[in-house]
Amino acid sequence: MDEPLRRQVAESVEQALRSFEDAERALDAERLVRHFAAGPDFHLYNDGQRLSYEAMTAGIRSAFPTLR
């Protein structure tokens, strides 16, 4: 990877991270959910529990309204 491409990739990642953080700080569940890839192969682990896209997004949507 040449240096201009490396800088472009790094800036793209930084922008995505800032957007993700902004969504969290704004308690904007829908904007946060858009950062995750919807699909049957998506999953993540939270406290050792495997969560599907549907379970993860349902958790975000139910938890965010309760946060201050």
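Phe 42 counts as buried, at 18% relative accessibility. The cut-off for buried is under 20%. The model is predicted. Phe 42 lies in the loop between helix 2 (29–33) and strand 1 (43–46). Ring pairs join Phe 42 with Phe 20, Phe 36 and Tyr 53 in a cluster. The points below start with Phe 42, then turn to other sites.

**Around Phe 42**

- Leaving aside residues up to four places away in sequence, Phe 42 touches Phe 36, Ala 37, Leu 51, Ser 52, Tyr 53 and Met 56.
- Two of these contacts, Phe 36 and Tyr 53, also belong to the ring cluster.
- Phe 42 and Glu 21 are 21 residues apart in sequence. Their C-alpha atoms are 21 Å apart in space.

**Aromatic pairs**

- How many aromatic pairs does the structure hold? There are 3.
- One of them joins Phe 36 and Phe 42. The ring centres are 5.9 Å apart and the planes stand at 80°, so this pair is edge-to-face. The angle qualifies because edge-to-face means planes over 60 degrees apart.
- Phe 36 counts as partly exposed, at 21% relative accessibility.
- Phe 42 also forms an edge-to-face pair with Tyr 53. Here the distance is 5.8 Å centre to centre, with 85° between the planes.
- The pair of Phe 42 and Tyr 53 links distant parts of the chain. Phe 42 sits in the loop between helix 2 and strand 1, and Tyr 53 sits in helix 3 (residues 53–63). The two are 11 residues apart.
- Is Tyr 53 buried or exposed? Tyr 53 counts as buried, at 15% relative accessibility.

**Nonpolar surface patch**

- Which residues make the nonpolar surface patch? Met 1, Leu 5, Val 9, Val 13 and Leu 17 make it.
- The patch covers about 490 Å².
- Met 1 is placed in the segment before helix 1 (3–25).
- Met 1 is exposed, with a relative accessible area of 73%.

**Arg 18 in helix 1**

- Arg 18 lies in helix 1. Arg 18 is partly exposed, at a relative accessible area of 41%.
- What does the side chain of Arg 18 contact? It makes a polar contact with the side chain of Glu 11, at 3.1 Å.
- Arg 18 and Arg 34 are 16 residues apart along the chain. Their C-alpha atoms are separated by 14 Å.

- Most residues other than glycine have a negative phi. Two residues here go against that pattern, Leu 27 and Asp 47.
- Leu 27 has a positive phi of about 55° and is not a glycine. Leu 27 is found in the loop between helix 1 and helix 2. Leu 27 is partly exposed, with a relative accessible area of 33%.
- Asp 47 has a positive phi of about 55° and is not a glycine either. Where is Asp 47 found? Asp 47 is in the loop between strand 1 and strand 2 (49–52).
- Asp 47 is exposed, with a relative accessible area of 78%. The class follows because exposed means over 50% relative accessible area.

Conventions
Residues are numbered from 1 along each chain as its sequence is written. This is a predicted model: local features need pLDDT of at least 70, side-chain atom pairs count only at pLDDT 80 or more; totals for chains, interfaces and linings use all residues. Side-chain values use heavy atoms; hydrogens and water are left out. Patches are made of residues with over 30% relative accessible area and no salt bridge: like charges are joined within 9 Å, nonpolar side chains (Val, Leu, Ile, Met, Phe, Trp, Tyr) within 5 Å. Accessible areas come from the Shrake-Rupley method with a 1.4 Å probe; for residues, only the protein chains shown count as cover. A salt bridge is a side-chain nitrogen of Lys or Arg within 4 Å of a carboxyl oxygen of Asp or Glu. Helices (H or I, at least four residues) and strands (E, at least two) are DSSP runs, numbered from the N terminus. Buried means under 20% relative accessible area, exposed over 50%, partly exposed in between (1.4 Å probe, protein chains only). A polar contact is a pair of N or O atoms within 3.5 Å; within protein, one must be able to donate a hydrogen and the other to accept it, and residues adjacent in sequence count only if both atoms are side-chain atoms. Contact means heavy atoms within 4.5 Å. Rings of Phe, Tyr and Trp (its six-membered ring) pair if their centres lie within 6.5 Å; planes under 30 degrees apart count as stacked, over 60 as edge-to-face and the rest as tilted.
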